[in-house]
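This report describes a structure and the contacts within it. Please look at the sequence and the model below before reading on.

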Amino acid sequence: MDIVFYAAAAVAVFSTAMVITRLNAVHALLYMITSLLAVALVFVTLGAPFVAVLEVIIYAGAIMVLFVFVVMMLNLGEEAVEQERRWLEPALWRGPAALAAVLLVQLLYVFLAGGGEASATAVVEPREISLALFGPYLLGVELASFLLLAGLVGAYHLGRREEI
Amino acid sequence: MASVPIEHALILAGVLFILGLTGVIVRRNIFFILLSIEIMLNAAGLAFVAAGARWGAADGQVMFIFILTMAAAEVSVGLALVLRLVGRFRTLDVDAASQLRG
Amino acid sequence: MSAPDLIALLPLLIVAATTLAAMLLIAFYRHHQATAGVTVAGLLLALASLSLTTPHIPRVVTPLLVVDGYALFFLGLVLATTAVVTALSYRYLEPAAENVEEYYLLLLMGALGGGVLISARHFVSFFLGLELLSVSLYTLVAYTRSQSHRIEAGLKYLILAGTASAFLLFGLALVYAEQGHLVFEDVVLSDPSLFLLSGMGLLIVGVAFKLALAPFHLWTPDVYQGAPAPVTAFVATVSKGAVFALLFRFFGGVRIAEQPALLAAFGAIAILSMLAGNLLALVQDNVKRILAYSSIAHLGYLTIAFLVGGELGQTAAAFYLAIYFVTTLTAFGVVTWLSTAEEEAEALDDYRGLFRRSPHLAGIFTVALLSLAGIPPTAGLISKVYVALAGVSVSLWAPLLVLVAGSVAGVFYYMRIVITMWRDPAGDEQAVSFSAGHAPAGYLILNGLTLALLALGVYPFFLIQIIERALGAGG
């Protein structure tokens, strides 16, 4: 279990370092997703499988897709095609792909080794988290919904086309 | 088999946090700055999960879920502003937009 | 949650319900006046509900929130301020060429976030309240989005507030790793560990960012200048006041003056803020920027009350904040009155000849500036003296010295605006009408705030009694 943690940590640090040094936005995003997947693996070794799943679905899935959308919207016209050609060069996505492969191997190792049992850290089950969320943290959930509403209203107002 | 010391997980969170901070400081492209803020928030979430693992309680993970919510709300507004910025200045360079000087 | 729990939360619930009601209204019937009306009505209803809540305090509602006299006092302040900002915004936004109704939704959600911050006793409510306030403000700052400097101010605010949030969260995580629970209590140990110390350090950086205390104040002038004038008033009052109220609750009954590490950190922040705010304000030519630097200095003065801590510090801070709210609202109220969403009166030259064009408005601005400078007979003097006396009681000599020096420097830049208003206008400028004609609410409010500043300057005991009673009721 130890080795998984340290390897995932190394991947996370390396790919995060790559995120902040890339010149191309899409490369940075690929490294960012790799980094988030590595952090998800760290969560598994810390006995937090539920949060690991959320990290993959919401962070690496939803939030990063938002970034990808914006990249798409910003690169319109002819130069976008030219850029796309450069983005698809194998040399540029080989790095993130190799790192993701390392993570995959690690994930397989964790599952084959029996998952959370191998770690001495107690696993906090999704059930406990749900009970906490809808027990003492009920008001927190309500406030989080208002937070999302504020984000929604803001993005709607700022993002609307200037039609007038 | 020994478990991972919580300190090590916190060190990882710290390293990621610092990397994100470096990104916020070094980059001029607004897109990368927003990504770097995401890295910092994610590192803070990791620190909470690690701290929660130390106490074997769900609180750290609950906090992570709220951080996730906040990151989503912040990114949606941030990216909407980026679209406005590009529509207005045709650039992602934050320093290019500097009409506010005293 | 039981019925008394719900009654204790009534003001916050009403604000939340008003947000939803206003949103539904916009969905079916987009109308500026109706939306502003619903917003003000909801805020006034929430203010009225404070009296229903009073018999039930102090009360802890779920682990997240506590409603006590302290919370209710600041809640009243925040709700009243938001109502005033709403009334001022109406006239300002009327000529805007885009959808203005969502503005009020964001204002309500910002007030809700401030209210949650004020009653927070748990990291989760602290964080969620702060973010609700911040996320609403990102959009409000950039609201009239057809102007490019609004977008710039919004992005700058978002980047810096986002970074500050990350600092704050990392600090909270370290504190949690050390103490094992998320409730604010006994956070400061007599013999703090390395974890706790570094956590506190990060936390202080995050909070200082949000309060725009030096050396983390760099965003303030740009955001103050770039944001629409009524939003600037909201940032200067509700946003800072709520975070400051939280700061007191977070450190609880700890006497900061007896904690060397904290005293050094906050003392340095207070001195730097007073110096940076007052000195940089001297060289500005933009009224909004001058007011921005002045707010940095005022938060520095306020930090002295925080250093005093205990009941005396709390009373002094509550009094200072209340006066600061009224003064800032008056000053930005005048700026808002002279501006519209399309064109703002922010350059110092825009104020030339204001005494000739509109003596009434210039008089109100003068009273507000005198109060900011702390010159009698305004309330600003009393609040500054109150904080200074509180500082004397625990011998905070170095910050007090800077406070006095800063106040002297302050007189110069506030007087500069007053003198400009007497000078001849630069060009052919049309007379500004200041009458109840087309915005009776804004007219009444500006006059009322000015009267309050003068009345509290002459007879401050009324407000002090209210504060003492509120803090006495389970503070």
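## Where chains A and B meet

In this predicted model, chain A puts 54 residues into its contact with chain B, and chain B puts in 48 residues. Two residues are in contact if their C-beta atoms, placed from the backbone, lie within 7 Å. On the side of chain A that touches chain B, the elements giving two or more residues are α1 (2-21), α2 (25-45), α3 (49-74), α6 (126-133) and α7 (138-159) of chain A. The largest share of that side comes from α3(A), with 12 residues. By class, the side has 43 nonpolar, nine polar and two charged residues. Here Ala, Val, Leu, Ile, Met, Phe, Trp, Tyr, Cys and Pro count as nonpolar, Asp, Glu, Lys and Arg as charged, and the others, Gly among them, as polar.

Residues are numbered from 1 along each chain as its sequence is written, and chains are lettered from A and ligands numbered from 1 in the order in which they are written. Since the model is predicted, local features need pLDDT of at least 70 and side-chain atom pairs count only at pLDDT 80 or more, while totals for chains, interfaces and linings use all residues.

## Chain A and its confidence

Chain A has seven helices and zero strands. Helices (H or I, at least four residues) and strands (E, at least two) are DSSP runs, numbered from the N terminus. Of the 164 residues of chain A, 42% are buried, meaning that 20 or more other C-beta atoms, placed from the backbone, lie within 10 Å of the residue's own; exposed means 12 or fewer, and partly exposed lies in between.

The mean pLDDT of chain A is 80, and 74% of its residues score at least 70; pLDDT is the predictor's confidence in each residue, from 0 to 100. Over residues 114-119 of chain A the pLDDT is below 50.

## Chain C against chain B

Chain C has 37 residues in contact with 36 residues of chain B. On this side of chain C, α7(C) gives the largest share, 18 residues. The classes are 21 nonpolar, 11 polar and five charged residues.

## The nonpolar core

A nonpolar core is a set of buried Ala, Val, Leu, Ile, Met, Phe, Trp, Tyr and Cys residues joined through C-beta atoms within 7 Å. The largest one has 289 residues, and α7(C) gives the most to it, with 20 residues. Those with the most contacts inside this core include A:V42, B:A44 and C:A173. Not counting residues up to four places away in sequence, C:A173 touches B:A44, B:A47, B:F48 and B:A51.
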